Amino acid sequence: MTEAAKWIVKDPAEEDVYWPSKEMKKRAWISDESIYEEAARDPVAFWAERAREGLDWYKEWDEAYKWEPPYFKWFIGGKLNASYNCLDRHVKTWRRNKAAIIGVREPIDEEAKVLTYYDLYREVNKFANVLKSLGVKKGDRVSIYLPMIPEVQIAMLACARIGAPHSVVFSAFSSDSLKDRIIDAESKTLVTCDGYYRRGRPVNLKDNADKAVEGTTIENVIVFKRTGGEVRWAEGRDHWWHELMKDAPLYYKPEVMDSEDVLYILYTSGTTGNPKGVIHTTGGYMTQAYWTTKWDFDIHDEDVFWCTADVGWVTGHTYNCYGPLSVGATQIFYEGAPNYPEPDRMWQIIENYGVTAFYTAPTAIRMFMSWGDEWPKKHNLSSLHLLATVGEPINREAWMWYFNTIGGGRCPIIDTWWQTETGGTLINALPGVGPFIPCVAGRSFPGTRHEILDEGGKPVGLNEGGYLVQRPSFGPGMLRGVYKSPETYKTNYWSQYGNEAYYTSDGARMPKEKLFRLTGRVDDVMKVAGHRLSTAEVENAIGGHPSVAESAVVPAPDEIRGQVPWAFVRLKEGEGSDELAKEIRSHVGKVLGPTCRPDKIIFATDLPKTRSGKIMRRILRSLAKNEAVGDLTTIENPACVEELKQKVGHKAAS
Ligand code: PRX
């Protein structure tokens, strides 16, 4: 490769501020900041133009946007199909034999599974016919429990082709978590596999799926053979993917979907113990997925995009499936662990496939940092033109390391703020516009508007902390509701500031006019290694252990994972032990999944409570952060705070 281009320049006057270079401005889809003003003048017209230009519609909408608080709709009466937009329109062009998905396997000696757009098109059509043969029709929910193998996109797009909303469940979630999600969605079909590889070992996923489907509405389980390991089999219910696919017809006519028909449901953690099913519809979501992929990561036909998120999370839905495929990009999809067989696996993949845009989470960056510079240094990363992050606030040290060690000081870092609810990115710098500043996400995406408010609903001043909200007209990719729970939708997002603003539950401040710095969740949602988890879910799981009387879970800061759960536990009788702590942790692992296990269990004879008996989590949060515990006058049992301080080695002055 010739000498790598320099995509950014340092601001001559300001420390830590970078701008796009001339090369970047020339390359970028958007390099003129007037786009923001233009979009702000008439956001609805702006998005309507984007929808028209970016997607293929069977019929144009009658009305672009309608706001009936707290519900809004986009492209009303418009007709399209998401899978058509990701496949059919590309196979009609030269992109037919372009690589759509490069499925890199974990075992180093296994060839990558490369699917061209035409391959993917055929597989999706066949799989749609398979689903149909099992009785799946428009409107039916299909649960998908698959690891990072291209069959997951095949299954998702086949659902979209039929108009059957999918509910993808993270493959590291437990059978109980899968079961809850199947029950809520009332799915009759589950797509899973025998197993997958994790750090060289095959993991049996079918076992989990078997436990989950018992006693649910599931009638058919389609099993993809990945590892060839032994699996249990329920005759009549279980079907091998390859057997069903063998004679499946090669074409399935895409269902003509309404813009507001549901594309998928994705369960995410809220402040209660039960995950909520966030609803995304078709036209608006696809519009935002298309344009954010193209503009944020500056994707052109020659690019190779790699988003490392697991497909079980929203980032995987939008930037491993609907976004890159609708723009016709080539993407990497990696099955395995980042440090298998060695800690340079990611850098080796970037070098091997000439990845140009790389999108990962701050947690992963901190992990890479901790493994040492020698691993990326072994590889030529000059193909990269852009780096991006998502999922949690990034600390300055991680930003600088990513910028210098991975980007060679040549690439912008696009720090994208968004949520499961928003469907696509909303706050970030555009690569051809900038600025790129450590820990500052940037501006609202053109055509959207965010503000930071105080408790009373007034905008805060520069650099003052407050609550991040979105103002109407709302981004087209935003959620349209919570599955079977309109109350949750209203109270979670529309009760804080009425119908005037969508409440994000995030803290933020503005270091400079229009630029947002995100400071983390202000509710009981934790971001553990970038994964969204509610304290109440972990408390519920702990409460299921027979020895536990009550517990309170709070986030504690962690150098690598950002936050980790700490559990304060009162037992029914007796004192805690290391043995019991281990047992409780593994119990949570079984109930929720290994990623949800508390980092630390603190046994207490009592938990701090108000006179009315409510646990004072504020105090526990301060203990976990090693901050002053503050006012104790309303506490019923102050003595327990001293006990807890000693147990956690709390040093901050009160
Ligand atoms: O707190 C914010 C944080 O992640 C939350 C959303 O989590 P989830 O629904 O799992 O979606 C993650 C991927 C979109 C937000 O409420 N968050 C996400 N991106 C950022 C962030 N915090 C700071 N900076 C970000 N770039």
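**Exercise 1. Find what covers helix α17.**

Solution. The cover over the buried residues of α17 includes β27 (525–528), β28 (531–534), β29 (548–558), β30 (562–571), α18 (578–592) and α19 (617–625). Contact here means heavy atoms within 4.5 Å. Helices (H or I, at least four residues) and strands (E, at least two) are DSSP runs, numbered from the N terminus.

This is a predicted model: local features need pLDDT of at least 70, side-chain atom pairs count only at pLDDT 80 or more, and totals for chains, interfaces and linings use all residues. Residues are numbered from 1 along each chain as its sequence is written, and side-chain values use heavy atoms, with hydrogens and water left out.

**Exercise 2. State how many residues of α17 are buried, and list them.**

Solution. Take α17, residues 535–543. Seven of its nine residues are buried (under 20% relative accessible area, 1.4 Å probe, protein chains only). They are T535, A536, E537, V538, E539, A541 and I542.

**Exercise 3. Describe the shell around the ligand.**

**Exercise 4. Give the distances from ligand oxygen atoms to the side chains of T420, D506 and R532.**

Solution. For T420, an N or O atom of the side chain is 2.5 Å from a ligand oxygen. For D506, a polar side-chain atom also lies 2.5 Å from an oxygen of the ligand. For R532, the distance between a side-chain N or O atom and a ligand oxygen is 2.7 Å.

Technical notes: Buried < 20%, exposed > 50% of the residue type's maximum accessible area, 1.4 Å probe, protein only. Polar contact = N/O pair within 3.5 Å; in protein donor to acceptor, adjacent residues only side chain to side chain.
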